[in-house]
Amino acid sequence: MTEENLTAEAFEAHRAHLRAVAYRMLGSLSEAEDAVQEAWIKVSRADTAGVENPAGWLTTVVSRVCLDLLRSRKARREDALDAQGTEVRLRPSVDPEAEAQLADSVGLAMLVVLDALSPVERLAFVLHDMFAVPFAEIAPIVERSPETTQRLASRARRRVHGKSSVDGDRLRRFQAVDAFLQASRDGEFGMLLSLLDPNVTMRLDDAARLLSARSALTGATAVAEAFNGQAALARPVLIDGEPGIVFAPRGKVIMLFTVRFEGDRIAEIHAVADASALSAIELTVA
């Protein structure tokens, strides 16, 4: 077996792990897939004869790629904010259902608070706290000493905990969407009603109306009846940093629901199924 085959087999054996690392660093499946692919290009061109720990080495490669992407993203955001105020455009996501599953595995709230960290803080925190990578191995990636890297992770940890407490309103909205979906799956009609504003509305774009054979709905009873027992294939997601719902049977997105709140109750649901509209949405932190 050639060295090239050994490298390819090792990379494929660790691909799922590398994608998980990249997703937690970037918060976007499309960017995580790009990072893993770029890491493979680098790996395929590298001399791997002296690599004794393929998993650790590959994690380092994909981490360096992610750090570059995070720094580039930060620069783009600053440019966008200078030019457009607070409006930031989102890049399309490659697989909303897969992204929803990854978001479930990480935790929606964690994705929100990780986005508040600087690139080096996020990398140090993710690698050490989520993947138990020693600081001595993280330090060369962020170009710091192990002691400084440890301080970066500690500072990130404090910021994560602080952000979690400050952002309580958003976390409650996540919990409300999750509770709404659970009640829908379990057919708990009374719970659905309690989570909906009495004057809640559900709007559907033309494509969603064709797929669901429904028109707009008004009132908690009508919306609860529409969802009661119908969310087995739905998952909570992040849409522009806010909670939303994706309905994706058999791996294909059917409808994306954005949710607006009045207090702690769901006040509006907007169902989107138009392909062009879906392609302009990314199900991650904005």
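Analyst: First, some ground rules. This is a predicted model, in which local features need pLDDT of at least 70 and side-chain atom pairs count only at pLDDT 80 or more, while totals for chains, interfaces and linings use all residues. Residues are numbered from 1 along each chain as its sequence is written, and side-chain values use heavy atoms, with hydrogens and water left out.

Now the whole chain. It has 14 helices and six strands. Both are DSSP runs, numbered from the N terminus: helices are H or I and at least four residues, strands are E and at least two. Of its 286 residues, 44% count as buried. Buried means under 20% relative accessible area, exposed means over 50%, and partly exposed lies in between (1.4 Å probe, protein chains only). Among contacts with a separation of 6 or more, 66% join residues 24 or more positions apart. Contact here means heavy atoms within 4.5 Å.

Next, the helix pairs. Two packed helices are described by the angle between their axes and the distance between the axes. The axes are lines fitted to C-alpha atoms, for helices over the stretch in contact, and the angles run from 0 to 180 degrees between N-to-C directions. Angles under 35 degrees count as roughly parallel, over 145 as roughly antiparallel, 65 to 115 as roughly perpendicular, and the rest as oblique.

Start with α2, residues 15-26. It packs against α3, residues 29-45, at about 130 degrees, with the axes 8 Å apart. The two helices are therefore oblique to each other. α2 passes α3 in a right-handed crossing. A crossing is right-handed if the near helix is turned clockwise from the far one by less than a right angle, and left-handed if anticlockwise. On the α2 side the contact uses Arg15, Leu18, Arg19, Ala22, Tyr23 and Leu26; α3 brings Leu29, Glu31, Ala32, Glu33, Ala35 and Val36. By class, this contact has eight nonpolar, no polar and four charged residues. Ala, Val, Leu, Ile, Met, Phe, Trp, Tyr, Cys and Pro count as nonpolar, Asp, Glu, Lys and Arg as charged, and the others, Gly among them, as polar.

α2 has another partner, α7, residues 119-130. Their axes are 9 Å apart, and the angle is about 135 degrees. That makes α2 oblique to α7. Here too the crossing is right-handed. Val21, Arg24, Met25 and Leu26 of α2 meet Arg122, Leu123, Val126, Leu127 and Met130 of α7. These residues divide into seven nonpolar, no polar and two charged.

Look again at Arg24, one of the α2 residues in that contact. Its relative accessible area is 14%, so it counts as buried. The Arg24 side chain reaches the backbone oxygen of Ala20 at 3.1 Å.

Move along to α8, residues 135-142. The axes of α7 and α8 come within 10 Å and cross at roughly 155 degrees. The pair is therefore roughly antiparallel. α7 passes α8 in a right-handed crossing. Val120, Leu123, Ala124, Leu127 and His128 of α7 touch Phe135, Ile138, Ile141 and Val142 of α8. This contact has eight nonpolar, one polar and no charged residues.

Finish at the ends of α8. Ala132 sits in the loop between α7 and α8. It counts as exposed, at 63% relative accessibility. Most residues other than glycine have a negative phi. Ala132 has a positive phi, near 55 degrees. Glu143 lies in the loop between α8 and α9 (146-166). Its phi is also positive, about 60 degrees, although it is not a glycine. Glu143 is exposed, with a relative accessible area of 65%.

Inside α8 itself, find Ala136. It is exposed, at 54%. Ala136 and Glu147 are eleven residues apart in sequence, and their C-alpha atoms are 8.5 Å apart in space.

Methods:
A polar contact is a pair of N or O atoms within 3.5 Å; within protein, one must be able to donate a hydrogen and the other to accept it, and residues adjacent in sequence count only if both atoms are side-chain atoms.
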